[in-house]
There are 2 protein chains.
Amino acid sequence: MGPGPSDVSPRVLGALGRPTIGHLDPLFIDLMDDVKRLLQFAFKTSNPLTIPISAPGSAGMEAAFVNLVRPGDTVIVCQNGVFGGRMKENVERCGGVPVMVQDRWGDPVDPGKVETALKQHPEASILAFVHSETSTGVRSDAETLCKLAKNHGALVIMDTVTTLGGIDLRVDEWGADAVYSGSQKCLSCVPGIAPITFSSDAVERIKARDTKVQSWFLDMQLVMGYWGGDAKRAYHHTAPVNAMYALHEALLILEEEGLEQSFARHKKNHDALVSGLDGLGLSMAVSEEWRLPQLNAVSIPDGVDDAAVRARLLKDFNLEIGAGLGELAGKQWRIGLMGHASSPVNVERCLTALAAVLGR
Amino acid sequence: MGPGPSDVSPRVLGALGRPTIGHLDPLFIDLMDDVKRLLQFAFKTSNPLTIPISAPGSAGMEAAFVNLVRPGDTVIVCQNGVFGGRMKENVERCGGVPVMVQDRWGDPVDPGKVETALKQHPEASILAFVHSETSTGVRSDAETLCKLAKNHGALVIMDTVTTLGGIDLRVDEWGADAVYSGSQKCLSCVPGIAPITFSSDAVERIKARDTKVQSWFLDMQLVMGYWGGDAKRAYHHTAPVNAMYALHEALLILEEEGLEQSFARHKKNHDALVSGLDGLGLSMAVSEEWRLPQLNAVSIPDGVDDAAVRARLLKDFNLEIGAGLGELAGKQWRIGLMGHASSPVNVERCLTALAAVLGR
């Protein structure tokens with residue numbers, strides 16, 4: 001019950017362990033097509049370029065930046081946690097110029113500040129922000145931020161690593177242009193795959209580049225040849241076949257449950273956890289409106305030894321919860337209720353274990 | 001029996017499907033340490049920076065180049081197949097200057113040409129070549145090529161994607177500096193992981209860089225913080241936990257068999273295949289001295305329809321063999337006898353199926 005990887009269901013593990021077939025086998029090509037369809041469903045998009053990157057969420061982030069950011073491009077980057085900082089790193093390594101919009105870790109991105117930054121930087125062609133900050137448990141108002149970018153004529157890069165499958169996400173309706181996620185949060189698939197989707201505006205920008213994408217492995221012009229709509233699949237790299245079985249199964253489970261039903265389940269179990277934590281005298285670190293139901297940031301009470309509590313939870317209760325990241329280390333715990341692991345049983349289990357370890 | 005992914009043993013698939021635990025869980029850290037030890041064994045190296053990259057072999061290649069090639073660096077790149085061309089792409093995308101040494105596809109890299117290129121380019125600080133060309137089934141003389149580079153004072157980047165576990169590889173003895181491989185060839189692990197090892201000279205060069213590595217995900221200065229020898233593991237990205245279980249199991253199997261025993265088995269099954277193919281009137285595309293026992297390039301006889309034969313093998317015999325890549329498309333088949341799939345049963349199966357389909 002940390003910030004991910006979340007518990008993987010036996011059904012997904014079963015799919016993962018199926019015999020490996022070739023990455024160009026007709027049966028595997030069929031599975032790829034279905035993975036693409038299911039990702040479009042999960043992202044609420046009709047973008048043809050919607051694929052799983054063959055690497056973890058961090059590589060998904062890098063895929064968005066290296067394809068869209070050209071040397072010299074100004075990019076407005078919102079930071080209200082660890083992952084906004086990583087976006088800045090990505091912009092710099094692409095030769096872009098990041099303009100930072102800073103908010104307190106634990107608050108959402110402030111649309112007012114973003115609007116000001118866009119006005120001050122008419123040359124900015126991309127706005128980048130994190131929808132669900134895994135490091136703080138905070139949601140930001142993606143719809144409003146996308147609208148600001150559109151009004152400015154900028155593309156949007158959005159991190160939805162912890163969003164996908166857990167809370168509402170509307171790629172097409174909001175108008176986000178490069179949106180990436182991870183397999184191991186609310187999809188409850190094994191770690192190592194990064195779903196990503198690019199809008200037609202994003203694809204146009206990629207095709208119009210006059211410099212090569214700096215990463216061969218993540219170059220969408222090449223990846224499109226393998227995952228694209230063409231009848232003939234061009235070999236690019238060997239896809240992680242078994243991980244794709246698992247992703248396919250995890251997405252089928254999501255489709256069977258239904259997106260809105262999954263969001264409602266995440267919310268219900270979150271409410272139960274918050275109420276139970278309150279009963280233990282523990283308070284949430286994020287204001288109610290912006291809390292992520294799938295990732296619960298809890299303030300560590302004064303005098304409580306962070307590392308000792310987590311070690312005892314792991315040793316005595318076989319339960320992992322997350323430590324604070326970056327400047328929140330030692331100040332917060334992060335309790336995940338993601339995907340398959342968002343269940344009443346897990347809420348009870350966590351509350352019982354915390355009560356015992358904290359002596360409350 | 002294509003050029004990979006090779007058949008994965010039930011034991012490795014079983015390990016793959018074990019419950020996912022956290023990537024910072026003490027049990028997982030122990031497993032990582034053992035994976036590192038086993039990779040050192042497989043590479044015949046004592047390099048401390050020997051790790052599995054959380055992405056396919058192509059990302060392993062990119063990891064070697066982005067960390068070692070700085071803008072403006074001259075790199076001698078040997079090309080005798082598809083993957084030398086991919087190395088050139090990598091050098092260019094790092095802002096380096098590739099100097100190409102070309103050999104016929106199907107021949108090994110010519111050390112004489114390499115020596116000439118090194119002499120003509122005293123500024124070259126890296127020599128890059130493919131030890132086992134997956135696209136042609138050709139081995140090159142790695143020991144001699146490494147020696148030439150050392151005499152010149154250049155570092156060596158070596159592709160051993162199809163080598164590792166199948167034929168002899170001596171990273172330390174030969175003096176190679178950045179050597180990468182893949183999980184899905186002779187290790188018979190699922191695709192998606194790239195073992196890599198860096199010499200102390202390579203690490204020194206990385207630490208001395210005055211420009212940042214262009215890839216955040218593959219930046220060894222950051223990855224070292226997670227995989228390095230430090231007691232405290234810094235979070236970098238979420239490791240593909242289940243794929244690491246599988247890699248660990250595949251490496252244990254290699255250790256149990258023994259490296260030399262594995263090489264001998266690959267050689268024996270290769271000899272049986274060659275002899276059987278000869279009986280069918282089929283000839284090998286590579287001269288005997290430079291043939292890879294794990295990847296057998298076979299000349300397609302005149303008048304035989306490449307795609308139709310492969311389609312029938314797959315449909316009627318559930319058997320995949322590889323097509324030719326690049327300029328060898330339609331001219332050669334590539335029959336893999338890699339790792340778990342290098343067995344007398346598979347040799348027989350392939351020969352029987354080919355005899356039936358070709359009507360010989």
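**View 1. Helix 5 of chain A and helix 6 of chain A cross in a right-handed sense.** This is a predicted model. Helix 5 covers residues 111–120 of chain A, and helix 6 covers residues 142–152 of chain A. Their axes come within 10 Å and cross at roughly 15°. Angles under 35 degrees count as roughly parallel, so helix 5 of chain A and helix 6 of chain A are roughly parallel to each other.

**View 2. Residues from both helices make the contact between helix 5 of chain A and helix 6 of chain A.** Helix 5 of chain A supplies Pro111(A), Val114(A), Glu115(A) and Leu118(A). Helix 6 of chain A supplies Thr144(A), Leu145(A), Leu148(A) and His152(A). How do the residues of this contact divide into nonpolar, polar and charged? There are 5 nonpolar, 2 polar and 1 charged.

**View 3. Domain 1 of chain A touches domain 2 of chain A.** The domain assignment places domain 1 at 10–255 and domain 2 at 259–358 of chain A. Taken over C-alpha atoms, the centres of domain 1 and domain 2 of chain A are 27 Å apart. In the contact, 21 residues of domain 1 of chain A meet 22 residues of domain 2 of chain A. On the domain 1 side, the residues divide into 8 nonpolar, 10 polar and 3 charged.

**View 4. A rotation superposes chain A on chain B.** The rotation is 180°, with 0.0 Å of shift along its axis. The RMSD is 0.0 Å. The two copies are thus related as by a two-fold rotation axis. The same surface serves both copies. Of the contact residues of chain A, 98% recur in chain B.

Note on methods: Residues numbered from 1 in each chain as written. Chains lettered and ligands numbered in written order. Predicted model: local features only at pLDDT ≥ 70, side-chain atom pairs only at ≥ 80, totals over all residues. Domains from an automatic or database assignment. Contact = placed C-beta atoms within 7 Å. Nonpolar A, V, L, I, M, F, W, Y, C, P; charged D, E, K, R; others polar. Axes fitted to C-alpha atoms, helices over the stretch in contact; angles between N-to-C directions. Helix = DSSP H or I, 4+ residues; strand = E, 2+ residues; numbered from the N terminus. Parallel < 35°, antiparallel > 145°, perpendicular 65-115°, else oblique. Left-handed = near helix turned anticlockwise from the far one by under 90°. Least-squares fit on C-alpha atoms with pLDDT ≥ 70 in both.
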